Amino acid sequence: MSKNEIRSIKNFTSHELNNWIEEQKYSKFRGKQIFNWIYKKFVNSPNEMLNVPKKLKNEIIKYGNFNLIEIVNPNTKIQNSSKKYLFKLSDGNYIESVVILENKRKTVCLSSQVGCGLDCKFCQTAKMGFIRNLSVGEIIDQLLFIKNDINEEITNVVYMGMGEPLLNYDNVIKSA
């Protein structure tokens, strides 16, 4: 975790979450419970985790932000088959994500950076320049928000939103 990265359990892999749970003096199975609540039941708050002890929920809240992004434009349709999302990050920066709904395919296009430093002449994001890499949790929160919004199974995930994913390689791989 970089020194400027906002703390969140969503930055953890399942293994790191289990280790953190054990550091908090809970059984390892609590890590699996929490992982399932976040990534299978798509809860928006630790308080929605019904079989997790209140004390542990409070530890999660105390550790750091649970939701790392907030929606700015809840209903922007680009065309009939796609929807664009503008998210505000906790530091005041903005990112965009897109979901493309084509027959049985539900493709989510995630951002990996705020801005981009590659200066591709055709790209609007390049005009912003590079501001910073997204954390693992900020990348994952895009997917979780869109999953909850469309209430359908996501079939494909691509890292073709704002930024160059290979320049944020570690966080992109960890989020995948």
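This is a predicted model: local features need pLDDT of at least 70, side-chain atom pairs count only at pLDDT 80 or more; totals for chains, interfaces and linings use all residues.
**Entry 1: Leu166.** I located Leu166 in the loop between strand S8 (156-158) and helix H5 (169-175). I then noted that Leu166, Tyr169 and Ile173 make a nonpolar surface patch of about 340 Å².

**Entry 2: helix H3.** Which residues of helix H3 (residues 54-63) are buried? I listed Leu56, Lys57, Ile60 and Tyr63. Viewed down the axis of H3, these buried residues fall within an arc of 125°, so they line one face of the helix. I recalled that an α-helix has 3.6 residues a turn, so residues three or four places apart point the same way. On the other side of H3, I found Lys54, Lys55 and Lys62 exposed. I also looked up what the buried residues of H3 pack against, namely helix H1 (14-23) and helix H2 (29-39).

**Entry 3: aromatic rings.** I noted a count of seven aromatic pairs. For Tyr85 and Phe145, the ring centres are 6.0 Å apart and the planes stand at 80°, so I recorded the pair as edge-to-face. Tyr85 belongs to strand S3 (residues 82-89) and Phe145 to helix H4 (residues 136-150), so the pair ties together parts that are 60 residues apart in sequence. Tyr85 is buried, at a relative accessible area of 0%, whereas Phe145 is partly exposed, at 28%. The rings of Phe87 and Phe145 have centres 5.3 Å apart and planes at 80°, so I recorded this pair as edge-to-face. Phe87 lies in strand S3 and Phe145 in helix H4, 58 residues apart. I found Phe87 buried, at 0% relative accessibility. Finally, I noted one aromatic cluster formed by Phe12, Trp20 and Tyr63.

Definitions and conventions: Residues are numbered from 1 along each chain as its sequence is written. Side-chain values use heavy atoms; hydrogens and water are left out. Buried means under 20% relative accessible area, exposed over 50%, partly exposed in between (1.4 Å probe, protein chains only). Helices (H or I, at least four residues) and strands (E, at least two) are DSSP runs, numbered from the N terminus. The arc is that of the directions from the helix axis to the C-beta atoms. Contact means heavy atoms within 4.5 Å. Patches are made of residues with over 30% relative accessible area and no salt bridge: like charges are joined within 9 Å, nonpolar side chains (Val, Leu, Ile, Met, Phe, Trp, Tyr) within 5 Å. Accessible areas come from the Shrake-Rupley method with a 1.4 Å probe; for residues, only the protein chains shown count as cover. A salt bridge is a side-chain nitrogen of Lys or Arg within 4 Å of a carboxyl oxygen of Asp or Glu. Rings of Phe, Tyr and Trp (its six-membered ring) pair if their centres lie within 6.5 Å; planes under 30 degrees apart count as stacked, over 60 as edge-to-face and the rest as tilted.
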